[in-house]
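Me: I'd like to learn how to read a few features in a structure file. Can you take me through them one at a time?

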Amino acid sequence: MDDARHLIEQKESQGKGLGILAVQNIPCGTRIIAEAGLLRINRDTLKVPDIINAFKRLSPSQKKLYLELHEYACDAFRRATEQEVNQDWEEIPKLHRRVLGVWVANCFDDVFLLGSRINHSCTPNVHFAYNSALEKETFHAIRDIRAGEEVTIMYINGTNRTRGQRQDELKKWGFQCNCPTCEDTPQGRKKEEKRVELFKLDQELAKYTCFHFEHGPEDSWKKALKVAQRIAALQKSEGLLDIELSNSYHDAARYSAKLGDVSMALLWTEKKLEVVRYCVGVDYPDWQSE
Ligand SMILES: [Zn+2]
Ligand SMILES: [Zn+2]
């Protein structure tokens, strides 16, 4: 076995239905799951019949397990499907609707029997990525996880996004997020304030990268470096240790280099690589793109 799935179990987690929990302490960087997708279809050229046909190719036991996964077809997906097959959703055979509902509720790169059971959090403790050398999706602990703690991933691109923006994207899965950052408590609201700040900083950084130089490029780079450093520090202190943190370090390295500060550029690059290493592992074949 090339993963550590013995460290997790599927269990009822308080008030949230089934979830994946750690049965032992899991150190940061552990490859908890490495799992091949079930349907193995190209997402870029995807048509509804491709999903149905891929399901038909599964073995009887795989079909059974597939159909046990959570099903949810949001309105947008139903409408898109109706348009594509030129048929009302309700007229589509029941089994096919179920296959499609499982697909859309569980698919990130493919549907995974184990990985797709991991719940969402806006401050996750696991990162998932497709490793093309292994032809598997890997799920890595991005910090130390205690025994009994729920294992979570972020379904959306939500690190530097506000609650409203995150919830909007989560509509696809049909649930209201109640993670520690989204909960309506003093602690939750405090965490959310930082996310609003991260969103604003993210917008500000984008502005500097658009060649809007007020007082020459050097001035812009100095400002951009400051913002990138602030974003990285905020993400770190908020426990947002996912791959986006490596992007922030990457930005800091880039602007340090532009300003001629080679030693700081190297330091930020080291930090970036440390994040990439625990998020995807040293055998990840596409390090450049991370
Ligand atoms: Zn949340
Ligand atoms: Zn991630």
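Reply: Let's start with metal donors: these are N, O and S atoms within 2.8 Å of the metal (3.2 Å for Na, K and Ca), and water is not among the atoms, so sites may look incomplete. This is a predicted model, where local features need pLDDT of at least 70 and side-chain atom pairs count only at pLDDT 80 or more, while totals for chains, interfaces and linings use all residues. Residues are numbered from 1 along each chain as its sequence is written, chains are lettered from A and ligands numbered from 1 in the order in which they are written, and side-chain values use heavy atoms, with hydrogens and water left out.

Me: Are His127 and Asp242 buried or exposed?

Reply: Buried means under 20% relative accessible area, exposed over 50%, and partly exposed in between (1.4 Å probe, protein chains only). Both His127 and Asp242 are buried.

Me: What arrangement do the four donor atoms make around the zinc ion (ligand 1)?

Reply: Four donors count as tetrahedral if all angles lie between 85 and 135 degrees. Here the angles run from 104 to 113 degrees, so the arrangement around the zinc ion (ligand 1) is tetrahedral. The donors are the SG atoms of Cys122, Cys177, Cys179 and Cys182, lying 2.3 Å from the zinc, and their sequence spacing is C-x54-C-x1-C-x2-C. Cys177 is buried, with a relative accessible area of 1%, and Cys179 is buried at 5%.

Me: How many disulfides does the structure hold?

Reply: A disulfide is a covalent bond between the sulfur atoms of two cysteines. The cut-off is a pair of cysteine sulfur atoms within 2.5 Å. The structure holds zero. Take Cys107: the nearest cysteine sulfur, that of Cys74, is 13 Å away. Cys107 is also buried, with a relative accessible area of 5%.

Me: And a helix residue, say Glu192: where does Glu192 lie?

Reply: Glu192 lies in helix H6 (residues 186–208). Its relative accessible area is 13%, so Glu192 is buried.

Note on methods
Tetrahedral: all angles 85-135°; square planar, octahedral: opposite > 155°, others 65-115°. Helix = DSSP H or I, 4+ residues; strand = E, 2+ residues; numbered from the N terminus.
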